[in-house]
Amino acid sequence: MIERWLKESSYTVVFTGAGMSTESGLPDFRSAKSGLWRTKNPQQLASTYAMQHNRDEFIAFYQYRIRTLLECQPHIGHIILANWQQQGLIHQIITQNVDGFHQQAGSTNVIELHGTLRTVYCSRCKRTYDAKRYVDEQFTCTCGGFLRPSVVLFGESLPYDAFEQAWTAAERADLWIVLGSSLQVSPANELPVIAKRSGAKLVIVNMEPTPLDEWADLLIHGRKIGEVLKEIDAFL
Ligand code: NAD
């Protein structure tokens with residue numbers, strides 16, 4: 001069924017979350033058994049409050065995440081999506097992920113709603129550096145300012161342009177495919193609802209149930225994204 005929808009749709013959006021990258025070896029935040037949120041509190045670590053008042057733990061958390069990221073690679077699922085984009089089967093990728101795997105796999109024009117973990121920037125002069133600086137224990141800019149990850153922290157707004165583009169894509173989509181998101185993070189989780197209200201078919205592929213399941217035209221639970229995408233790809 002989804003193969004037919006992909007072929008018939010004139011504007012398909014793929015909307016990915018942290019579950020898209022667990023098969024690359026990066027933990028997500030909310031998986032029941034292995035998500036990072038099981039052992040660490042996001043409000044304490046990935047927040048503006050932590051950056052200001054709990055800097056050692058903040059740095060340790062991001063050092064760990066950047067180090068892990070640099071050891072991992074996109075998996076077959078990211079590559080299939082890049083191929084589909086090249087073949088014109090999908091028209092926009094919107095991600096909540098900060099890992100850059102879609103681009104590394106060959107996707108272009110990816111909307112990153114929550115920034116990127118690939119760079120850090122100076123909180124004083126805004127100069128940007130490679131995130132490897134964190135691994136090399138360099139946390140200070142030449143101007144003396146603190147280097148922070150280029151991600152959206154809890155307590156910060158989403159980048160305006162990215163969210164506006166994503167909103168426009170949601171209104172335009174006639175097929176919206178969620179891959180690996182608990183759909184608990186706002187305002188990103190409003191986008192599938194906008195798409196659905198604007199007439200799109202909604203497909204949700206997620207290991208566990210999500211709060212938006214009742215909106216879906218097709219739900220796939222309990223299966224890995226890589227396997228699902230390989231299966232669909234074989235039928236296209
Ligand atoms: P989340 O952790 O809240 O939810 C991930 C969902 O993916 C879970 O419900 C889980 O059941 C599902 N999942 C995990 N592995 C799967 C697989 N192989 N196949 C199918 N489903 C799978 O993630 P979220 O909704 O993206 O929101 C969390 C926030 O965490 C985002 O803002 C994002 O920026 C950030 N984050 C990003 C990364 C990354 O860039 N890779 C990693 C961790 C957290």
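Strands here are DSSP runs of E at least two residues long, helices are runs of H or I at least four long, and both are numbered from the N terminus. Two strands pair if DSSP finds at least two bridges between them. This is a predicted model, where local features need pLDDT of at least 70, side-chain atom pairs count only at pLDDT 80 or more, and totals for chains, interfaces and linings use all residues. Residues are numbered from 1 along each chain as its sequence is written, and side-chain values use heavy atoms, leaving out hydrogens and water.

**View 1. Three strands make an open sheet in the order β5-β4-β6.** The pairing is antiparallel. β5 (128-130) and β6 (147-151) are at the edges with a single partner strand each, so one side of each has no neighbour in the sheet. Neighbouring strands are turned by 45° against each other on average, direction ignored (axes are lines fitted to C-alpha atoms).

**View 2. Zoom in on β4 (residues 115-122) and β5, which pair over three bridges.** Look for Y121: it sits opposite T128 in β5.

**View 3. Helix α4 (residues 55-71) packs on the sheet.** α4 touches β4 and β6 (contact means heavy atoms within 4.5 Å). Its direction makes about 130° with that of β4, on a scale from 0 to 180 degrees between N-to-C directions, with helix axes fitted over the stretch in contact.

View 4. A ligand nitrogen is 2.7 Å from a side-chain N or O atom of D99. A ligand oxygen is 2.6 Å from a side-chain N or O atom of S182.

Conventions
A polar contact is a pair of N or O atoms within 3.5 Å; within protein, one must be able to donate a hydrogen and the other to accept it, and residues adjacent in sequence count only if both atoms are side-chain atoms.
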